[in-house]
Amino acid sequence: MNQFPYVFFLGIGGIGMSALARWFQANGHQVSGYDKTETPLTQVLVTEGIAVHYADAVENIPAEVRQNRDQTLVVLTPAIPAESVEWAWLRAEGYDIRKRSQVLGVLTQGRYTIAVAGTHGKTTTSSMVAHLLHHAGLDAGAFLGGIAVNLGSNLLLPTSPEAPIVVEADEYDRSFLTLFPDVAIVTSTDADHLDIYGDQKSLIESFRQFVGQIKPGGTLLINHTADASVAAAAPAGTTVIRYGLSAEQGPELYAHDISAEGHQFHFDLRSPNGTVANLELAVPGYHNVENMLAAAAVAQIHDINSEKLRAAVAAYRGVKRRFEFVVTTGKNVYLDDYAHHPREIEAFLLSVRALYPGKRLRVIFQPHLFTRTRDFAAGFSKSLSIADEVFLLDIYPAREKPLPGITSEIILANLTAPTKAILTKEQVLAAAQIDETFDVLATVGAGDIDTLVPQLKLILTERWK
């Protein structure tokens with residue numbers, strides 16, 4: 001990529017795109033980009049010296065990009081709409097335009113790669129792997145799909161070309177097929193992105209292709225709930241280790257003697273590579289214990305001893321918007337989570353219930369994508385009904401156009417929560433100011449619901465004094 005002194009991003013504000021932008025900036029390239037919305041993340045990119053504009057117009061593309069076609073790489077996110085003016089001009093002018101996944105594939109080519117795949121859990125698990133290696137003193141790099149609290153970033157820069165690189169292997173648009181990992185983790189193979197795949201069978205086949213690309217002598221760590229045919233697709237000679245929460249589930253890697261004390265989970269790691277007793281995880285949720293099992297096994301593969309592993313697990317503080325505690329008092333709690341699939345929502349809300357038994361739970365959920373809402377409406381209704389009160393926002397469209405008859409109403413119709421409604425963001429804020437009916441509040445979703453978080457934090461901090 002050194003042949004491109006200029007790198008221009010279409011959709012630079014995306015969490016995965018911004019990590020790549022930061023990598024190019026750190027490696028001496030002149031980086032700039034477009035995004036439709038100014039966010040705290042794009043504001044940080046600007047402070048780091050990256051030029052960002054928000055109006056889709058050719059004249060807003062930096063002059064050095066417009067004047068140096070052959071020296072410019074254009075990186076594209078799938079979220080950019082087909083009618084984008086800038087994209088159309090760059091195509092017509094013959095620029096080298098590559099998807100984010102293609103660029104990630106080139107950057108990891110020839111390097112030791114740890115790739116974390118799965119329809120949910122990959123951001124948390126990849127951040128755990130990166131943190132464990134980094135905390136233990138190993139030189140490592142990482143491209144993450146979220147802001148790791150310990151790192152304060154979605155990018156960890158390695159200091160040498162021999163250092164392992166941790167990447168999220170995104171199944172959307174079959175992006176992960178650009179990767180050829182030495183170690184692969186598959187956290188889940190539940191149905192998702194059916195707008196791309198059509199059915200779960202095609203999704204599973206894509207996971208099989210990904211696993212089939214593990215390098216000779218590599219390792220596959222796969223959740224015991226994943227489709228069995230995926231593990232079977234690993235190349236001959238691959239070390240395959242299944243993981244799960246308990247030995248009763250039949251995996252080779254599992255947690256023993258799990259206990260919860262406040263927000264912390266304690267457990268022993270039982271692994272083919274050895275037992276590690278008395279692990280303490282400060283990020284709550286049984287699903288996070290499961291994610292840490294896979295991450296810890298990667299640490300063991302890299303010869304991190306029990307003492308260092310124990311310290312690294314205890315120091316892990318999670319990812320922004322993954323089971324994030326926004327406000328806590330002796331009586332009340334406000335949590336924020338990125339969950340946007342029924343299985344993720346179920347895991348999150350069951351963990352909240354376990355932490356706060358008997359507390360009245362209000363959930364504000366923003367559905368993400370019309371196609372996902374269409375495909376999983378019944379699942380959303382069922383998982384959200386774990387709460388006492390459910391307030392739905394309108395669907396966040398992202399890259400999609402509206403679909404006839406697909407609105408938040410189809411989730412609302414089958415909710416069994418005692419209190420339920422569709423509200424605007426303004427109504428959500430108003431209700432938080434005057435309503436005393438809930439003890440625990442959770443904002444949930446992958447759209448722009450996070451814009452409510454700082455406002456709700458201010459309101460509830462004042463109310464819960």
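His-266 touches Asp-257, Ile-258, Ser-259, Glu-261, Leu-279 and Glu-280, when residues up to four places away in sequence are not counted, and a contact here means heavy atoms within 4.5 Å. This is a predicted model, in which local features need pLDDT of at least 70 and side-chain atom pairs count only at pLDDT 80 or more, while totals for chains, interfaces and linings use all residues. Residues are numbered from 1 along each chain as its sequence is written, and side-chain values use heavy atoms, with hydrogens and water left out.

His-266 has its place in strand β14, residues 264-270; helices (H or I, at least four residues) and strands (E, at least two) are DSSP runs, numbered from the N terminus. Is His-266 buried or exposed? With a relative accessible area of 18%, His-266 is buried, since buried means under 20% relative accessible area, exposed over 50%, and partly exposed in between, for a 1.4 Å probe and protein chains only.

Glu-171 is found in the loop between β9 (165-169) and β10 (183-186), and Glu-171 counts as buried because its relative accessibility is 1%. The side chain of Glu-171 makes a polar contact with the side chain of Lys-122, at 3.1 Å. A polar contact is a pair of N or O atoms within 3.5 Å; within protein, one must be able to donate a hydrogen and the other to accept it, and residues adjacent in sequence count only if both atoms are side-chain atoms.

Ala-378, in helix α13 (residues 370-384), is exposed, with a relative accessible area of 57%. The C-alpha atoms of Ala-378 and Ala-226, which are 152 residues apart along the chain, are separated by 22 Å.

**Helix pairs**

| Pair | Angle | Axis separation | Crossing |
|---|---|---|---|
| α6 and α10 | about 40 degrees | 9 Å | right-handed |
| α1 and α5 | about 45 degrees | 11 Å | left-handed |

Axes are lines fitted to C-alpha atoms, for helices over the stretch in contact, and angles run from 0 to 180 degrees between N-to-C directions. A crossing is left-handed if the near helix is turned anticlockwise from the far one by less than a right angle, and right-handed if clockwise.

In the pairing of α6 (residues 122-135) with α10 (residues 286-301), the residues of α6 that meet α10 include Met-128, Val-129 and Leu-132, while those on the α10 side include Met-292, Ala-295 and Val-298.

In the other pairing, Gly-16, Met-17, Leu-20, Trp-23 and Phe-24 in α1 meet Arg-100, Val-103, Leu-104 and Leu-107 in α5. Arg-100 lies in helix α5, residues 100-108, and touches Gly-16, Met-17, Leu-20, Val-75, Leu-76 and Asp-170, not counting residues up to four places away in sequence. The C-alpha atoms of Arg-100 and Gly-16 are separated by 7.9 Å, although these residues are 84 apart along the chain.

**Nonpolar cores**

The largest nonpolar core has 44 residues, and those with the most contacts inside it are Phe-9, Phe-24, Phe-143, Phe-210 and Leu-220. Such a core is a set of buried Ala, Val, Leu, Ile, Met, Phe, Trp, Tyr and Cys residues joined through side-chain atoms within 4.5 Å. Helix α1 (residues 15-26) gives the most to this core, with six residues. A second, separate core of 43 residues includes Leu-156, Leu-281, Val-298 and Val-313.
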